[in-house]
Structure formats: C-alpha cells, structure tokens
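This report describes selected features of a protein model, beginning with a pair of packed helices. The sequence and structure are shown below.

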Amino acid sequence: MTIRTLRDYGQHYRPRMACLKNVEVFVVEMQDPKSGVKGADQKLNVTIIPHVINGQDVLAWIVTKMKVTTEEAQAFGTMLVAYGYIYPLQNHRKLVLVPDSTLYRFQTPYFWPVQKWPAEDIDYAIYLARRNIRKKGMLEPYEQQHYDNLHKWMNPKWDFIVMQATEQYKANKERKKPDRVVLDCQERAYWIVHRPPVLTFDVVRRTNIFLTQALMRSAVKSSVSLTAFVKFVTTHHNHDPFLTTPVPSNPWITDSDEFWQLNSRSVDIPTKLSVERWVLSFWELISDPRGRVDFKLFLKKEHSAENMAFYEAAEEMRWGAASAIPEKSQFIFNTFLKPGAPRWINIDGRTMGLTVKGLVVPHRYVLDAAQTHIFLLMKKDTFYRYLKSPVHKDMQKRALVPAPHVFTDAQLEANVRNRNPGISPILQWQQEEEEKAAAAVAARPIDVKAMVATNKLDRK
Amino acid sequence: MIFSTKPEMATQEIQPNETLTNLKAESDTLKTKLEDERAKLHDVELHQVAEKVDGLGQFIMKTRRTLKGHGNKVLCMDWCKDKRRIVSSSQDGKVIVWDAFTTNKEHAVTMPCTWVMACAYAPSGCAVACGGLDNKCSVYPLSLDKNENLAAKKKSVAMHTNYLSACSFTNSDMQILTSSGDGTCALWDVESGQLLQSFHGHAADVLCLDLAPSETGNTFVSGGCDKKANVWDMRSGQCIQSFETHESDINSVRYYPSGDAFASGSDDATCRLYDLRADREVAIYSKESIIFGASSVDFSLSGRLLFGGYNDYTINVWDVLKGTRVSILFGHENRVSTLRLSPDGTAFCSGSWDHTLRIWA
C-alpha cells in the first residue's frame, strides 16, 4: 500500500486541499453500493480480496457520471490513482488507471491525503480545546476564530482532539500550582509566536483607508469596458497567430524562420500586417521596433525628433540603474530642458517649472510629468500627422504581402534538418548599443567654435 | 523574525472611541457601499456582449517541440524577446537557456539551492534571473563563450525572508520585481541590490505576479494564498485594487493584452477574468469535469483565447469572450507547472513536473 504524502514543495508547502475536497465527494459516490462502481471478491494468489474493482468499470462510471469523453475520464481516473484514492492491486509502482480488467481497490479514508495535517494544527486544536474545557469563553476573539476554523476543518478528528485535551487537562490538575502557571505562560508565549493574532487595529484601519480610496475612484460601466474588450479582440484578430495563420508560415509548424526575418527590426520593407498593426494605436507603433524606426524617420523630416529622444531618455532613466540617475538627469537637463538647450522640448511652463525644480534632487520618477506630456503630445497630434504623411502612405504601398508557404513533406523534413540558428540575442544587443551610440553622436549639435579651433572648417 | 514580517504592525495610538468593533463596523459599511456603487455600473454580462462575436472554429494545436534535458520537475519558464529562446528552471537547481526553435541548450547554470521556483529572461537577452528556496533572486549575465562558468558572475539581488515564488524584469535589465512566500512583493535595483519599493498587503504567501503592458507601465498585479489578487502602483507601493472571489490559492495571474483586465488561475479549479476599469470579476472559466487546480494561465495575442495549465496534466483552452472551453490538450505526463505565450504569439510553452517543456502551436 503506497501512502503518498502531499507535501508538494512546488509552488508552496501546503497540500492542495481545495481540489481534494471535491475529489473526495466523487470518491464517496463511487463507493455507493447501489449507484457506484460494482466491486466483487477477487481471488489473488491464495487470498480472497474483498471489494475489488476493475479499471474498465471505473472509467465507464466516470464517463457516465461526469458526462465527459473517454480521454478526459482517463485523465481524471489516473489522478485518482496518483493521489492514492484508488490503488492498483498488482503493479504497485505504476500509478495509472488502465481501462481494462486491471484490478484496483478503494483506499480507506484514514489514509486519504486530506488527513495529513501538519502536527502543529492538531497540537493547537488540542491546546484551544483544553483552554475551552478549563473555562468556557476564555478564548480571545482571534483564538475563537482559529478554534472555529479548526473545528470545521478537523471535524472527523474532533473526538480524538477532545479526548487528548481532556487527558491533558486531567494530567495538568495533578501538577503543583507554580508549575502549572509557568507551563501556562510558556505555552501561551509559544502559540502567540506560532499563531499570531489575525486582526489588529492597523489591519482594519488600512482596510478602511483602502475602501475609502476605492469609493473615490470612479469605475466605468460594464457595457463600456466589456465592449472595449470585444473591440480589442476584433481589431487584433488578424494579428493573432492562433486565430489567423501567419504568413508566410508559423515558424514552429513549418520550421522555416522566414516569418521572423520579415518582421525583424532591421528589415527594409515591413509586411503589410505589421503596417496595419501600427495604425491601431500609437503604442502599437512604438512597441514594434520596426515601427519605431519608421516613426523616427517621420519625426526627423518634421524636425521634431527631440520629442522621441526625450521620451526614450526619460524611459531609460526611469527603468535604469539607481546609480546612473544623477548623471542621466544632468544630461537630460542640459540636452532637453535648460533654456537654449540644443534639443529643447516644447512643454508648458508649469510642467517645465515643476520638472526643473524636481531635478535639483533627482529621483527616477522626476521626469514623469514631462514624459507624460510629451507622450500625449506625440499620441494625440504627431501620430495622426504620421498616419497622413507621405512616409507612412509610401510604406503602406510598398509593404510586402508574403505568399503563404506550401511545403511538400520532403521540404518540411529538410526544414527540420536545416533549422536556422539565428543570431544570439547578446550579439544583437551589442549591435543595437553600437547603433545607439553612433546615433547619439550624430545627433549632437555641431559646435562651430570647436570646429574652427581644430581648423576643420576651411575658410578659404 | 519571530512575529509578523510586516513592519507596519506596530500599533498606532488608539483613540478613545475607536474600538476594534467600531472599526470593523465601519469596514462593513464601506464594503457594502462599495458593492452598491459597483453594482450600479454592472449593466451587462460579458457573454451577452460576446453574442455578436463569431464563434471560434476547431483548433489544431499540437506539440511542435519537446525540450528534454531537465533531470527533475520543471517549475518555471520565461521567453526571450527574440521570440525563440527560453529559460527554464527545475527542482534540482538547474536553470537552462534553450533555443527552443532548434531545441539546442545554450547555457546551463546550477543554483546552490533546489526548487528554483522562479526564473526570468532579461529584456536585452543578455541575462537571466532565478531564485527559489534560497529566498533570493540572483541575476546571471549570459556569455557568448560556451566554456565560461556563469555562476562566477552571479549577482545576488533580492533578499526575502521566505521562498521566492516569482520574479520578473521590468522594462530594462536594471530592475527586478519579485514576490515571495513571506507575503510581500518587492522592486529591486539590480546593480546595487537596493530595495526600491516594497509592497505589503497580502495576508499569506504571494505566489505570482505580472507587470501591466500599458503605456504608462506603472502597475502590476499579484496573486496569493490569501485568495486575493491585488493591483499595485509601483511608484508609491500602494495597493490600488483588490479582488477576492477565488475560493483557494491563486497560482497565476496574467494581464489581458490591452492592460485593462487580468486573468487568474487557482487551486479551486477555475480561471477568472477581472475587469480593472469596472473593478469587478467578469467571467469564470470552469467545468464540472475540471476538478484539479489551474497552475498557470496566459492569453493569446488578441486576448480571445486563454490557455490554462492544470494539475491534472492537461491544458485547457478557453474562449475568453464566450466563456466556453474550446480545446483540451493532452501530452504531459505530470502536472503542468508553468505556461507562457511567446512574445509574438506564434506559440506557447508549457513546463511540467514530467521534466519536459513543450512548445505548442
């Protein structure tokens, strides 16, 4: 008999009680003498084993009771065996439900997984029960809560607990009074540490503040927000590879990575689908690296590239290392914000005033107000001009519509053998950093005096 | 720490008329008032709005790659922004970086602890973060040199007082957000290991977190063993929204692609959708035949499909709008512990206690 302990140290230490409670309802029904799975005595070697069931019957019962397919019933049946509610008679190691005449038995409830309570809970229940016996109503409100909870969860064991508590109470009475007092204090201290009071003033106070703030925040009507979800799904339907087959093909299915190559950041002409996605919103446009490249090209033509540059610099500061903040804020101030700065951004006086003041003691969120202002400016104004611009319209015309791949079986096999290893992201990152550095140098304003000093400007 | 790990537990001065009973009564009044206000806005259900939407056809989703190499239960995985590389961690302490497209292993690190429950790929693709029972989150810079010992350059970033359940880089390699069994989430500066912000509010272990994909990128959601899903403001550390409708531990939370909603998967065998703007739960994805908990959830790119990995070894695919189950995928031979969509939505990866990872498309 394999008794499996359910201390799964996976995502958390505690046994997964919630689902097991539901499972037990089913297992009890399965054992019903009239409507459950039919069992019989079975002779195994020399002994006669009572109430044996076979895999086929179990499967059929699950299919009928839960109204599911055989596959699903098989999966659920295997779960019952895996968790020890049903155990196989012959092949102990393999804990799977085999849908034939393989023999199983129901595990006695004493060994069900739910019964494996951590020892502390039992001890605590005994302790509280004993306190109750001594003086009814002597428990603190939080202790009463714990007691009620334990009473609910440990109901089957309650007789055992009360019995233990009574024994301990009687044994305690035999002790001398000073010993009793000391032991009481020790126990009380132990349980305050291991079962601290649940509700304090601060917890309730914080809840009240949270609720008050929640009331002040305005929520939106369901019809509005739910319609927004439907709209999002509809507009993105063609871009979802699970709903619309990607062109030329899904790399995971055909083993050809052309789809990734056509949508990469450095590609000359983007695909039509990409361009359509950029039109959906400003955020989609700048989230796609290729889209951002296009947008920056447009900004350059408009001579308003400083907005995007400021946005990117502010993002870098916000998400960057804490040690880089003073240096970055200084750079941003000198380049974008100070009067007469080479790439001065046009924000309203109030925001500028607040930002400059905040930069005296820079922190990572000091540029938030200015950044939001610039972002909204780009989103509500520049973006729409971009959509109407010749740069964009030209790109829409030139955008590719790749032909869908039609691979023969032989070609598919060849694809599997020749899967493209691609570029390591580390190399890609290094390349991008080099490009960024080069762009930063190119964007720096020309210092005429310095050029004259080094005789670069030929005045002849 | 013996008592609670929450520093604010030190009681403020109690006013004369402010007894616990009074405060609790005020709580109840506020809660009822909030419920009434929200009920006024509750004018339609999701499936009603979804009636005009076309139904989904049949799906053919198959395992396209099986990644074998872990010697024990796979606990967590994350995709690289290049859409093909992944990092995965397992119970035996191994963290492996794979090129899932070619199925080659590119890097491997052995952590000094077992049960590496969290791992994340840096946005630049140049580092990975992982942690688990060691209560820490460490960052390993990756190297082009295959022979280099990655453990030598390891950087310890986060320190919690209990196990690390989830970690995620923010928009850069320089910040990490972590959640822990000690009931808190925290934001860390990678370079200095400094704690930038901590988030207190969960009453039990926090099991999962996800960063909002929105333009402002200032919020994240966390789910815990106290059945609550909390939305936090990263700047102030405040909990701005809280949802408590699940009946058991919340194992996984994931934002809807638009950022206006999130889904959660729980031990109560249901997945639920929460609308952030209407401030309520709008859908429950469950079936009588699904009894075992959902360990991990993720949306497809358009948000139409919700993929859920369950503890009964299966993956269920739900139609988010209509609330029905579209498909059930078999293949794993043990519990599905982690599931994530690839960055461009062309596939999703599932990791399982059967030691393998599968790419489905």
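## Helix packing in chain A

In this predicted model, helix H12 (residues 272-280) and helix H19 (residues 390-398) of chain A have axes that come within 9 Å and cross at roughly 145 degrees. Axes are lines fitted to C-alpha atoms, for helices over the stretch in contact, and angles run from 0 to 180 degrees between N-to-C directions. Helices (H or I, at least four residues) and strands (E, at least two) are DSSP runs, numbered from the N terminus.

Contact means heavy atoms within 4.5 Å. On H12(A), A:Lys272, A:Val275, A:Trp278 and A:Val279 meet A:His392, A:Met395 and A:Gln396 of H19(A). By class, this contact of H12(A) with H19(A) comprises 4 nonpolar, 2 polar and 1 charged residues.

## The annotated RGS region

An unreviewed UniProt entry lists residues 281-396 of chain A as "domain: RGS"; such annotations may be inferred rather than shown by experiment. Over residues 281-396 the chain is 74% helix and 0% strand, with the end C-alpha atoms 16 Å apart.

## A strand hairpin in chain B

Strand S10 (residues 164-169) of chain B is largely enclosed by the rest of the structure, because 6 of its 6 residues are buried (under 20% relative accessible area, 1.4 Å probe, protein chains only).

S10(B) runs antiparallel to strand S11 (residues 175-180) of chain B, joined by 5 bridges; pairing requires at least two DSSP bridges. A hairpin connects S10(B) to S11(B) through 5 residues, and B:Ser168 stands opposite B:Leu177 in S11(B).

## Basis of the values

Residues are numbered from 1 along each chain as its sequence is written, and chains are lettered from A in the order in which they are written. Local features need pLDDT of at least 70, and side-chain atom pairs count only at pLDDT 80 or more, while side-chain values use heavy atoms, leaving out hydrogens and water.

Key: Buried < 20%, exposed > 50% of the residue type's maximum accessible area, 1.4 Å probe, protein only. Nonpolar A, V, L, I, M, F, W, Y, C, P; charged D, E, K, R; others polar.
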